[in-house]
Every structure is written in C-alpha cells, then in structure tokens.
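I opened the model to look up its charged side chains, their cover and their pairings. My entries follow in the order in which I checked them.

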Amino acid sequence: MKIELDVRTEETVRIYFEKSQNPIIKKMLPQKAQSVEEALEDYRETILPTATSYGRIICVDGEYVGDVWCYCIDADEEPNAMLSYCVFEEKCWNKGIATKAVCLFLEEVKARYQVETVGAFFFSENQASQKVLEKNGFAFVEEFEEDGVMSKYYQRTF
C-alpha cells in the first residue's frame with residue numbers, strides 16, 4: 001500500500017466536502033464549512049500568498065481517500081500551527097493510513113514553515129484520532145468541554 005500526499009484542488013475540495021457529510025465523520029470531526037461554497041472559499045484563501053493554512057490530499061495507491069491540513073500557521077505563536085486530518089473512505093480506516101499521512105505532512109510543514117510546535121484538537125470519544133496523534137509524537141495537554149462535547153488537546157514539539 002503506497003500512501004502519498006498530493007495537491008488540493010477545487011475538485012478535491014468538492015469531493016472532500018461531500019464525503020465528509022458521512023454521519024460517522026460528522027460525529028467525530030468538527031467541520032467549519034457548512035456548505036461546499038464555504039469550503040471552496042476557505043480553500044481559495046489557502047492559495048493566497050498571505051495564507052495561514054496549508055493542506056494536502058491523502059492518496060492510497062493513487063486513490064484520493066482524505067485530507068490533512070494545518071491552520072493558524074504563525075511562527076510567533078504557541079503552537080506554531082494547528083493540525084487536522086480526515087480519511088473519509090471507510091475501507092481505509094484502521095489501517096495506519098492517517099498515521100502515515102500525518103507523519104509525511106508534519107515533515108513537509110516543518111520544512112516549509114519552520115514550525116517547532118503543532119497542536120491538535122479532537123473529540124474525546126475519537127480514540128482512533130488519539131492513536132494517530134500519539135504515534136506521531138503528540139502528547140496530551142488537556143481535556144475540556146465545548147458546546148456539550150468533551151474534547152482533548154494534544155501538542156507536539158519538534
């Protein structure tokens with residue numbers, strides 16, 4: 001199984017938005033964009049020279065299966081960036097794909113933006129996400145409740 005990162009496009013943003021409407025994913029992943037138009041607007045901001053977010057698509061054996069991205073990128077803030085990711089193809093869950101994709105992406109983001117720290121939030125019941133982060137060197141910082149949902153914050157220092 002070959003796991004690679006590739007370039008996001010308007011077409012992949014549309015696919016991602018549609019696939020991420022899966023009720024299982026919606027339960028496990030907070031989603032900012034409430035429409036495909038909002039998702040496209042957010043994407044277009046990432047390609048501007050002043051962008052503070054950056055993303056890639058996750059491909060397995062050439063098939064697009066998810067996204068990984070950083071937002072709030074700022075070398076003067078702590079953490080220097082926030083990480084998010086989603087493998088939307090159910091056949092790819094629990095196979096180490098997100099773990100490897102996050103590893104590849106963190107190497108790229110560290111080199112591209114010279115970040116030293118990266119944070120990540122996830123819903124506490126999302127144990128798969130917790131494992132992905134821990135396998136990539138993230139450590140637990142805190143647990144908190146927001147809008148009635150328990151969440152955890154993890155951080156990694158390079």
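I looked up Glu 38 and found it partly exposed, with a relative accessible area of 35%, where buried means under 20%, exposed over 50% and partly exposed in between (1.4 Å probe, protein chains only). Glu 38 lies in helix 3 (residues 36–46); helices here are DSSP runs of H or I with at least four residues, strands are runs of E with at least two, and both are numbered from the N terminus.

I noted that this is a predicted model, in which local features need pLDDT of at least 70 and side-chain atom pairs count only at pLDDT 80 or more, while totals for chains, interfaces and linings use all residues. Residues are numbered from 1 along each chain as its sequence is written, and side-chain values use heavy atoms, with hydrogens and water left out.

I checked the confidence next: the protein chain averages a pLDDT (the predictor's confidence in each residue, from 0 to 100) of 95, and 100% of the residues score at least 70.

I then turned to the salt bridges (a side-chain nitrogen of Lys or Arg within 4 Å of a carboxyl oxygen of Asp or Glu), of which the structure holds nine. One of them joins the side chains of Arg 44 and Glu 10 at 2.9 Å, N to O; because Arg 44 lies in helix 3 and Glu 10 in helix 1 (residues 10–19), the pair ties together parts that are 34 residues apart in sequence.

Another salt bridge joins Arg 56 and Glu 108 at 3.1 Å, N to O, linking strand 2 (residues 54–60) to helix 4 (residues 97–113) across 52 residues. I recorded Arg 56 as buried at 16% relative accessibility, whereas Glu 108 is partly exposed at 23%.
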